[in-house]
Amino acid sequence: MKKSLFTYLFIVSVLMTVFTFMYYSKKVKFEAERFENLKIKMSDTIQSLNNQIFDANYFTLRNNDNAQNYLEDYAVEKLIPKIEANLMELNDSPEGNPLVDFGKIDDRKFIINKIEVLNHRWIIADFSNGDLWGEVLLQYFIEEDESLDFKIIQSTLYPKQ
């Protein structure tokens, strides 16, 4: 009786060892496959995001070789911050930024918040007074003394929601 009990215990322990070994070896294989699939998926996602970023930045001076060639006398990396600084300085006016076609509304002045230099001639800017939002398309010129001159092409004010 004792001998058969030990035999059964031995067989059960061998079976448990075999099942445990099989479980963990398949788990490692499964995890490795899952990691590879995730790696491929992440690579595809990163490539897709890079393409989206490239498409989104297509209309910017930084990515427009033709516009950069037109501005060959100016360093684009220095020109863009200069344009942004000049536009932001205009926000200090008590009546609001003069490049926004709208005066004060409810005693709140409009100021430019975000700027994107599209090419060697155009800028798009986002503006608000904290309550209303809009966008303005500007034309800019670099004068001989390297000062900047801005002209409003068109602006739009979104309705209050």
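## A linked trio

Lysine 160 is exposed, with a relative accessible area of 56%. Aspartate 131 is partly exposed, at 26%. (Buried means under 20%, exposed over 50%, and partly exposed in between, with a 1.4 Å probe and protein chains only.) This is a predicted model: local features need pLDDT of at least 70, side-chain atom pairs need 80 or more, and totals for chains, interfaces and linings use all residues. Residues are numbered from 1 along each chain as its sequence is written, and side-chain values use heavy atoms, leaving out hydrogens and water.

Aspartate 131 and lysine 160 form a salt bridge, with their closest N and O atoms 2.9 Å apart. The pair links distant parts of the chain, 29 residues apart: aspartate 131 sits in the loop between β2 (122-128) and β3, and lysine 160 in the segment after β4. Arg108 joins Asp131 and Lys160 in a network of salt bridges. (A salt bridge needs a side-chain nitrogen of Lys or Arg within 4 Å of a carboxyl oxygen of Asp or Glu.)

## The whole chain

The chain has three helices and four strands. From the N terminus, the order is α-α-α-β-β-β-β. (Helices, H or I with at least four residues, and strands, E with at least two, are DSSP runs numbered from the N terminus.)

How does the radius of gyration of the chain relate to that of a compact globule of 161 residues? The chain has 32 Å, while such a globule would be near 15 Å. (The radius is taken over C-alpha atoms, and the globule rule is 2.2 Å times the number of residues to the power 0.38.) Along the principal axes, the C-alpha atoms fill a box of roughly 105 × 45 × 20 Å. Buried residues make up 22% of the 161 residues.

Glutamate 31 counts as partly exposed because its relative accessibility is 35%.

Aspartate 107 and lysine 104 also meet in a salt bridge, at 3.9 Å from N to O. Lysine 104 is partly exposed, at 35% relative accessibility. Aspartate 107 is exposed, at 67%. Its place is the loop between α3 (76-89) and β1 (111-117). Aspartate 107 is not a glycine, yet its phi is positive, about 60°.

Which residues form the nonpolar surface patch? They are Phe10, Ile11, Val14, Leu15, Val18, Phe19, Phe21 and Met22, with about 800 Å² of accessible area together. Valine 18 lies in helix α1. Valine 18 is partly exposed because its relative accessible area is 43%. (Patch residues have over 30% relative accessible area and no salt bridge; like charges are joined within 9 Å, and nonpolar side chains, Val, Leu, Ile, Met, Phe, Trp and Tyr, within 5 Å. Areas use the Shrake-Rupley method with a 1.4 Å probe, and only the protein chains shown count as cover.)

The other patch is negative: Glu72, Asp73, Glu143, Glu144, Asp145, Glu146 and Asp149. (Asp and Glu count as negative, Lys and Arg as positive; His and chain ends are not counted. A charge sits at NZ of Lys, CZ of Arg, CG of Asp or CD of Glu.) Glutamate 143 is in the loop between β3 (133-142) and β4 (148-157). Glutamate 143 is partly exposed, at 32%. Glutamate 146 is also found in the loop between β3 and β4. Glutamate 146 is partly exposed, at 43% relative accessibility. Glutamate 146 has a positive phi of about 65°, although it is not a glycine.
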